[in-house]
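The structure comes first, then the reading.

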Amino acid sequence: GEENLILLDGRHEFPFSFQLPQEPLVTSFTGKYGSIQYYVKAVLERPAVPDQSVQTELQIISHIDVSSPALLTPVLRSQEKMVGCWFFTSGPVSLSAKIERKGYCNGEAIPIYAEIENCSSRLIVPKAAIFQTQTYLASGKTKTFRQMVANVRGNHIASGSTDTWNGKTLKIPPVSPSILDCCIIRVEYSLAVYIHIPGAKKLMIEMPVVIGTIPCIGFSSRNSSITSQFSMDMSWLALTMPEQPEAPPNYADVVSEEEFSRHVPAYPPPIDCEEQLCCPVFAYIQEFRFQPPPLYSEIDPHPTDVEEVQPVSFML
């Protein structure tokens with residue numbers, strides 16, 4: 001029941017809470033010709049005095065999970081247009097575009113895959129844009145308002161040339177989520193890929209897009225797994241590169257004693273110069289054919305004589 005409170009002079013605060021209705025509520029929205037708004041209103045009733053009230057707006061968001069199967073399906077469109085009229089046609093312009101899925105959230109970048117072929121005689125420019133369409137339904141009448149919220153532009157395509165978009169990105173700005181279940185106001189989005197053709201109507205294809213509130217977890221986890229797999233595959237580089245180079249082994253350590261004695265004969269006794277000049281030179285070359293490599297040493301056995309330079313100081 002109701003309770004009567006006697007309040008003294010001064011400021012008083014009363015915390016309160018209430019449960020929202022169980023049925024789904026439409027997302028708050030303010031558009032061109034209408035709005036969906038929720039308010040919290042407090043009324044102070046006093047005897048013999050007019051009521052005093054205050055209200056504040058309450059933001060309601062109806063969540064849309066873009067991970068649902070219906071929003072994970074890719075969208076593909078294609079179209080062709082003949083440029084010119086009657087007997088003065090200059091050739092067709094063809095366009096095909098694709099997006100990986102239908103649902104996205106604010107802040108995400110939509111990768112666009114497109115192929116453009118210009119068989120006309122004119123210079124064309126491909127573009128892409130996100131459009132918001134507001135539809136108002138009341139008293140059996142319908143009113144529509146359409147606006148562009150983001151766009152991107154490609155390079156010029158000359159006559160007889162083609163161009164390909166391999167994931168050209170278009171970032172979604174902060175916009176209201178899609179409103180698809182309201183009987184008086186609908187907010188829908190579409191991604192349009194179109195070609196500006198001088199002297200002719202633009203060639204355009206549109207693909208429906210749903211702006212949700214719960215991001216797609218599957219795509220982010222897949223990207224992170226690919227990144228971790230790439231990092232794991234690249235770890236072999238650190239295993240094959242030693243920190244410091246090792247010294248080469250001694251020749252006697254890698255061959256047997258028998259092979260070492262066979263290929264390394266004893267050095268002949270020294271001979272005088274006259275006998276050395278009388279013998280053929282190639283007779284002594286055979287002795288050095290299987291000589292072992294010199295022993296590895298980090299200290300140079302024959303260091304060069306370098307005079308140490310003593311520091312000199314001057315006193316001024």
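Is R146 buried, partly exposed or exposed? R146 counts as partly exposed, at 38% relative accessibility. On this scale, buried means under 20% relative accessible area, exposed means over 50%, and partly exposed lies in between (1.4 Å probe, protein chains only).

This is a predicted model: local features need pLDDT of at least 70, side-chain atom pairs count only at pLDDT 80 or more, and totals for chains, interfaces and linings use all residues. Residues are numbered from 1 along each chain as its sequence is written, and side-chain values use heavy atoms, leaving out hydrogens and water.

**Salt bridges**

Side chains of opposite charge can pair when their charged atoms come close. The salt bridge rule asks for a side-chain nitrogen of Lys or Arg within 4 Å of a carboxyl oxygen of Asp or Glu. By this rule the count is four. The table includes three of these pairs.

| Pair | N to O distance |
|---|---|
| R11 and E13 | 3.4 Å |
| R101 and E108 | 2.8 Å |
| R146 and E206 | 3.1 Å |

The R146 and E206 pair links distant parts of the chain, 60 residues apart. E206 sits in strand β13 (residues 203-212), and R146 in strand β10 (residues 141-153). Strands are DSSP runs (E, at least two residues), numbered from the N terminus. E206 is partly exposed, with a relative accessible area of 32%.

R101 and E108 are both buried. R11 is exposed at 75% relative accessible area, and E13 is exposed at 63%.

**Two serines**

S178 lies in the loop between β11 (162-171) and β12 (185-196). S178 counts as buried because its relative accessible area is 4%. Its side chain reaches the backbone nitrogen of I211 at 2.9 Å. S178 touches I64, V187, Y189, V209, V210 and I211 (contact: heavy atoms within 4.5 Å), not counting residues up to four places away in sequence.

S94 belongs to strand β6 (residues 91-99). S94 is also buried, at 19% relative accessible area. With the same exclusion of residues up to four places away in sequence, S94 touches Q79, E80, E115, I116, E117, I195 and L203.

**A nonpolar patch**

L5, L7 and F14 make a nonpolar surface patch of about 330 Å². Patch residues have over 30% relative accessible area and no salt bridge; nonpolar side chains (Val, Leu, Ile, Met, Phe, Trp, Tyr) are joined within 5 Å, like charges within 9 Å. Areas come from the Shrake-Rupley method with a 1.4 Å probe. L5 is in the segment before β1 (29-30). L5 is exposed, at 58% relative accessible area.

Note on methods: Helix = DSSP H or I, 4+ residues; strand = E, 2+ residues; numbered from the N terminus. Polar contact = N/O pair within 3.5 Å; in protein donor to acceptor, adjacent residues only side chain to side chain.
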